[in-house]
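Biologist: I've got a model open and I'd like to learn how to read it piece by piece. Can we walk through it together?

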Amino acid sequence: MSVSKLARNLHGSEIIKIAGEINELKRQGQNIANLTIGDFDSNIYPIPAELKQDIVEAYAQNQTNYPPADGMLNLRESVSAFLKSRFDLDYNPGQILISGGSRPLIYSIFMAVVDPGDKVVFPAPSWNNNHYCDLTGAEAVIIQTTPENNFMPTAAELAPHLKGAALLALCSPLNPTGTMFSKKDLEEICDLVIAENKTRKAGEKPLYLMYDQIYSQLTFGKHEHYNPVSLRPELKDVTIFVDGSSKCFAATGVRVGWGFGPAEVVNHMKSIVGHMGAWAPKAEQVAMAKYLKHDDQVNAYLGNIKHNIQNSLTTLYNGFQQLKAEGFNVDSIEPMGAIYLTVKVDYAGKTTPDGTVLKTSADINFYLIKEAKVALVPFSAFGTGDDVNWFRVSVGASTLQEIEQLTPRIKAALAKLV
Ligand SMILES: Cc1ncc(COP(=O)(O)O)c(C=O)c1O
């Protein structure tokens with residue numbers, strides 16, 4: 001049966017493919033540590049108790065009909081106050097759009113500012129930008145980053161590609177790396193966007209900046225989150241933020257995201273999200289509006305989740321550093337934010353006990369799944385070449401006890417390679 005060109009050209013998620021392999025091994029009775037999915041096990045990381053209570057209450061009060069397509073005013077007011085108190089950002093409820101998680105925001109940003117054939121610039125590794133380019137017929141301009149810069153893009157790397165582009169898509173803390181922009185690095189990129197827009201004529205589409213800060217509440221230690229508009233207020237007219245509750249409140253299944261930016265663009269995003277019907281469920285909006293107002297509850301929840309996630313990430317980071325010190329060809333980058341750790345397992349060209357030569361990062365990953373019972377995601381799933389032997393580790397679905405058992409298993413598996 002024939003379908004549209006767009007449908008034919010869409011790629012499935014690499015991560016879901018790896019998850020399929022893991023599920024098959026699990027069905028065969030194997031106990032695999034699944035560090036692949038950017039999600040939480042909600043029995044280990046439940047959503048805030050007060051939020052859960054408020055959602056149940058909202059359903060009991062029959063808050064079950066259509067919400068306004070752009071989100072309930074109450075919630076947009078709460079988000080507005082939240083942005084002011086957390087980032088000192090001034091956005092009124094009219095500049096805020098609520099949607100069913102954050103994905104519809106990203107899709108509607110692309111739909112609102114990108115025409116087919118337009119250039120969209122984004123770094124690799126990064127999350128899903130390629131799919132949104134496919135959905136909008138955009139030309140993906142993918143900038144490969146380096147471990148020396150924590151896999152964050154630099155102004156020098158981006159500069160040659162911004163001429164005439166419609167959108168620069170950035171994310172910090174970054175999925176898949178768990179690393180972040182420093183103030184200076186982000187400032188330099190902001191200045192590039194300002195300079196490019198100065199070259200555009202009146203009435204011409206500017207270079208827009210999509211800034212995905214969905215992990216901004218999950219940062220560790222001395223690492224501070226920066227955003228383009230606080231650093232360079234003149235970027236307010238061209239910056240559209242992606243944010244929401246999915247990650248900071250471990251609420252990936254609750255589906256409440258919020259985006260904000262210049263009203264002119266956000267109004268078009270509202271129409272797009274409205275026609276898609278991709279709004280957040282009403283009861284969840286009612287509850288989120290209430291919950292966000294309680295700074296004390298939010299701070300207590302964030303303090304706890306950050307402590308636990310950071311413990312898991314640091315345990316694995318240290319484990320990999322220990323293996324490196326023992327002479328194994330591995331490495332790890334200090335965790336800064338999100339729920340991810342970046343690790344290197346550089347064993348391409350080595351031979352397994354059954355005589356197979358590991359050629360690509362996917363081969364290395366599959367070997368670790370079978371031999372160490374540990375599943376990671378190669379950066380090739382996020383747009384790098386399959387010769388880049390760096391991987392994402394996601395700790396949201398594992399306990400600290402489970403995480404502590406991983407390094408010895410990886411060590412034993414790597415020791416068998418020749
Ligand atoms: C960087 C980033 N942005 C946005 C999202 C989308 O989140 P949501 O579940 O709210 O659609 C994700 C989810 O993994 C993400 O990693």
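Biologist: Let's begin with helix packing. At what angle do helix α13 and α15 pack, and how far apart are their axes?

Modeller: Keep in mind that this is a predicted model. Helix α13, residues 361–371, packs against α15 at an angle of about 115°, and the axes are 10 Å apart. Angles of 65 to 115 degrees count as roughly perpendicular, and α13 and α15 are therefore roughly perpendicular to each other. The crossing of α13 past α15 is right-handed.

Biologist: Which residues of α13 and α15 meet?

Modeller: From α13 you have Tyr367, Leu368 and Glu371, and they meet Ile410, Ala413 and Leu414 in α15. Sorted by class, the residues of this α13 with α15 contact are 5 nonpolar, no polar and 1 charged.

Biologist: What about α12 and α15, at what angle do they pack?

Modeller: Helix α12 (residues 295–325) and helix α15 (residues 406–415) pack at about 30°, with axes 9 Å apart. The cut-off for roughly parallel is under 35 degrees, which makes α12 roughly parallel to α15. Here too you can look at the handedness: α12 passes α15 in a right-handed crossing. On the α12 side, the contact uses Leu316, Gly319, Phe320 and Leu323, while α15 brings Leu406, Thr407, Ile410 and Lys411. Those residues split into 5 nonpolar, 2 polar and 1 charged. Notice Ile410: this residue of α15 is in the contact with α12, and Ile410 also meets α13.

Biologist: How do α4 and α12 cross?

Modeller: The axes of α4 and α12 come within 13 Å and cross at roughly 60°. That makes α4 oblique to α12. In this pair, Phe82, Ser85 and Arg86 of α4 meet Asp295, Val298, Asn299 and Leu302 of α12. The class count is 3 nonpolar, 2 polar and 2 charged residues.

Biologist: Now the sheets. How do strands of a sheet pair?

Modeller: The general idea is that strands pair through backbone hydrogen bonds, either parallel or antiparallel. In this model, 4 strands make an open sheet in the order β9-β10-β13-β12, with antiparallel pairing. At the edges stand β9 (330–333) and β12 (377–378), each with a single partner strand, so one side of each has no neighbour in the sheet.

Biologist: How many bridges join β10 to β13?

Modeller: There are 5 bridges between strand β10 (residues 340–345) and strand β13 (residues 390–394), and the two run antiparallel. To find one by eye, look for lysine 344, whose bridge partner in β13 is tryptophan 390. Then bring α12 back into view: this helix lies across β9, β10 and β13, running at about 145° to β9.

Biologist: And what is the order of the sheet of 7 strands?

Modeller: That open sheet runs β2-β8-β7-β6-β5-β3-β4, and its pairing is mixed. Its edge strands are β2 (96–99) and β4 (139–144), which each pair on one side only. Ignoring direction, neighbouring strands of this sheet are turned by 20° against each other on average. For a parallel example, strand β3 (residues 119–124) pairs with β4 over 6 bridges, and alanine 124 stands opposite glutamine 144 in β4. Helix α4 (residues 73–87) lies across β2, β7 (239–244) and β8 (257–260), at about 115° to β2.

Biologist: What should I look for in the backbone of the loops?

Modeller: As a rule, most residues other than glycine have a negative phi, and most peptide bonds are trans. Look for the exceptions, then. Serine 172 to proline 173 is a cis peptide bond, with omega near -15°, and another cis bond joins asparagine 175 and proline 176, with omega about 25°. Proline 173 sits in the loop between β5 (167–171) and α8 (183–198), and proline 176 is also in the loop between β5 and α8.

Biologist: Where do asparagine 128 and arginine 255 lie?

Modeller: Asparagine 128 is in the loop between β3 and α6 (129–136), and its phi is positive, about 70°, although the residue is not a glycine. Arginine 255 is in the loop between β7 and β8, with a positive phi near 65°. The β7 to β8 loop also holds threonine 252. Beyond its neighbours within four places in sequence, threonine 252 is in contact with Asp39, Phe40, Ser246 and Lys247.

Note on methods: Residues numbered from 1 in each chain as written. Predicted model: local features only at pLDDT ≥ 70, side-chain atom pairs only at ≥ 80, totals over all residues. Heavy atoms only, no water. Axes fitted to C-alpha atoms, helices over the stretch in contact; angles between N-to-C directions. Parallel < 35°, antiparallel > 145°, perpendicular 65-115°, else oblique. Left-handed = near helix turned anticlockwise from the far one by under 90°. Contact = heavy atoms within 4.5 Å. Nonpolar A, V, L, I, M, F, W, Y, C, P; charged D, E, K, R; others polar. Pairing = 2+ DSSP bridges.
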